[in-house]
Amino acid sequence: MSIELFNDMSRYKNRATHFLRFGEYSDDIPFNQADDVFGTVIYLKVPDSEQIIESSQEITRIIRQALNVKVRELISRDPEKAREVSEVLEDSETIDEFMEKFKTVVVAYVLSTMDGKGVDTVIDLKSSALDLMEATETLFLKSVPYLDEVQSIGRLLDNMRFSVESLKVKVNSLVV
């Protein structure tokens, strides 16, 4: 367990509150201060979110590093291929957007269960987890032709899929 991750997620409380009120995600809402207690509550309510986040971050990090190396290798030999690789690298930035939304929705889910208002964030939680997983898988598939090693990334993707499925099962059993 990495409580630091959940303490960091506690900073999304303002964005999550906006999401609950207006039913839309906005990255224009500033972060609030980290709250250790609320971070622990997030962990206790949605522990599978940690593995989903860490898997996506690790996959993205590995792919970005490999693609950066590939661009440097190809820049003088094959500029056209280097441009293709850099486009895939640019596409990796969408993962960050899906990650931000997932963290916000996790916090919104926790807030709605704590408030007992019955706000149905279960579907949003599951769909944001699936969106993040699909974006991560898409990045992987786009980068496969340029990667030298894919087995470790495949294992991380399998772990992420398992965590998303586990999250879906757990939130279904804890429906607000």
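**Reading a predicted helical chain**

Modeller: Leaving aside neighbours within four places in sequence, Ser49 is in contact (heavy atoms within 4.5 Å) with Phe6, Met9, Phe102 and Val106. This is a predicted model, in which local features need pLDDT of at least 70, side-chain atom pairs count only at pLDDT 80 or more, and totals for chains, interfaces and linings use all residues. Residues are numbered from 1 along each chain as its sequence is written, and side-chain values use heavy atoms, with hydrogens and water left out.

Colleague: Is Ser49 buried or exposed?

Modeller: Buried means under 20% relative accessible area, exposed over 50%, and partly exposed in between, with a 1.4 Å probe and protein chains only. Ser49 has 0% relative accessibility and therefore counts as buried. A polar atom of the Ser49 side chain lies 2.7 Å from the backbone oxygen of Val46. Of the 176 residues of the chain, 43% count as buried.

Colleague: Which helix holds Asn159, and which residues does Asn159 touch beyond four places in sequence?

Modeller: Helices are DSSP runs (H or I, at least four residues), as are strands (E, at least two), numbered from the N terminus. Asn159 is found in helix H8 (residues 151–173), whereas Ser49 belongs to helix H4 (residues 48–77). Not counting residues up to four places away in sequence, Asn159 touches Gln51 and Ser55. With a relative accessible area of 40%, Asn159 is partly exposed.

Colleague: How many helices and strands does the chain have?

Modeller: There are eight helices and zero strands. The C-alpha trace spans about 60 × 30 × 25 Å along its principal axes.

Colleague: At what angle do helix H5 and helix H6 pack?

Modeller: Axes are lines fitted to C-alpha atoms, for helices over the stretch in contact, and angles run from 0 to 180 degrees between N-to-C directions. Helix H5 (residues 79–91) and helix H6 (residues 93–115) pack at about 10°, with their axes 4 Å apart. H5 is therefore roughly parallel to H6, a term for angles under 35 degrees. Leu89, Glu90 and Asp91 of H5 meet Glu93, Thr94 and Ile95 of H6.

Colleague: Which elements have the lowest and the highest mean pLDDT?

Modeller: pLDDT is the predictor's confidence in each residue, from 0 to 100. Where pLDDT is low, the predicted coordinates should not be read in detail. Among the elements, helix H1 (residues 3–9) has the lowest mean, 70, and helix H7 (residues 122–143) the highest, 94. The chain averages 87, and 94% of the residues score at least 70.

Conventions:
Angles under 35 degrees count as roughly parallel, over 145 as roughly antiparallel, 65 to 115 as roughly perpendicular and the rest as oblique. A polar contact is a pair of N or O atoms within 3.5 Å; within protein, one must be able to donate a hydrogen and the other to accept it, and residues adjacent in sequence count only if both atoms are side-chain atoms.
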